[in-house]
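Thank you all for coming. I would like to take a few minutes to walk through a structure that may be new to you, so please have a look at it before I go on.

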Amino acid sequence: MLDPFKRHINYLRISVTDRCNLRCRYCMPEEGIDMMAHDDILSFEEIETLVKLGVEKGITKIRLTGGEPLVRKGIVDLVRLIASIPGVEDLAMTTNGILLDQFAEALKQNGLHRVNISLDTMDPEKFSYITRGGDINKVFYGIEAAKRAGLNPVKINCVVRNSADEPDALEVKKFCDENDLSIRYIHQMNLEDGSFSKVEGGEGGKCETCNRLRLTADGSFKPCLFNEAGFNIKEHGHDGAFDKAISNKPKEGTRNKSGRFNQIGG
């Protein structure tokens, strides 16, 4: 499946909810945001149908995101449904890790392959400040649970302001080196002004080789995080929305003044 610039699209990132149990300062404003109506959020059956459609068109990689995917009730059942679809070769999840201690074993048993866990600092007070009240110890418990369950490789997503040489980033790297964890540095992004860069240690942000589409929790296929285009299945139908996202995938990201990370999945 090729887009207009001959890039092979085989990766679908699915935001299963816009809800989150943290309020990270670079993701959500302090006053909060308007949440999607529950009736607008895709059911598991609808997600399963859309994944099957994607596989028919050439999708082989699925990543579940949010918001925070582990706050979606029944998330283990959704993992089982997707993992059972022939053609899904890689099923991953991005999580803040707060609830992972409770879910890691069941996620692995039901077909999840691996996880990316967000960790921007090793300082409990800084973590609480960044997340507006989060407990860093729960993230550590989640990391250990993921390792025990075999959700490998366990990758750590570390958001940096300027570079991987920042003190907090260096401390996170030291922790990863000592605990057999992979680390990737994500430069703090701004959707509205189009501020983004390549992920250090990962594939994100490399427009020239971008192989992904995004599916929002309310059913819009988005060809690019840094683009306002979105094609909802309710308006265009399943096939139509999917095909329009492919045919309208831009050469590179610009800006997105109407979207938020919690709605699209970062």
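I will begin with how to read the model, then turn to the nonpolar core, and end with the salt bridges.

What we have here is a predicted model, in which local features need pLDDT of at least 70 and side-chain atom pairs count only at pLDDT 80 or more, whereas totals for chains, interfaces and linings use all residues. Residues are numbered from 1 along each chain as its sequence is written, and side-chain values use heavy atoms, with hydrogens and water left out.

Let me start with the inside. A nonpolar core, as I use the term, is a set of buried Ala, Val, Leu, Ile, Met, Phe, Trp, Tyr and Cys residues joined through side-chain atoms within 4.5 Å; buried means under 20% relative accessible area, exposed means over 50%, and partly exposed is in between, with a 1.4 Å probe and protein chains only. The largest such core has 65 residues, and the members that touch the most others are I62 and L64. In soluble globular proteins, nonpolar side chains tend to be buried together. If we leave aside residues up to four places away in sequence, I62 is in contact with Y11, L12, I14, V51, I82, V88, D90, L91 and A92, where contact means heavy atoms within 4.5 Å.

Now to the charged side chains. How many salt bridges does a search of the whole structure find? There are 13, counting a side-chain nitrogen of Lys or Arg within 4 Å of a carboxyl oxygen of Asp or Glu.

Three of these pairs sit within helices, which are DSSP runs of H or I with at least four residues, numbered from the N terminus. In helix α2, residues 75–83, D77 and R80 lie three residues apart, about one turn of the helix, and their side chains meet at 3.6 Å, N to O. D77 is partly exposed at 37% relative accessibility, and R80 is partly exposed at 39%.

Helix α5, residues 136–149, holds E144 and K147, again three residues apart, and this salt bridge spans 3.9 Å, N to O. Here E144 is partly exposed at 32%, as is K147 at 28%.

In helix α6, residues 167–178, K174 and E178 are four residues apart, with a salt bridge of 2.9 Å, N to O. E178 counts as exposed at 56%, while K174 is partly exposed at 43%. Elsewhere, salt bridges that share partners join K57, D239 and D243 into one network.

Terms used: Helix = DSSP H or I, 4+ residues; strand = E, 2+ residues; numbered from the N terminus.
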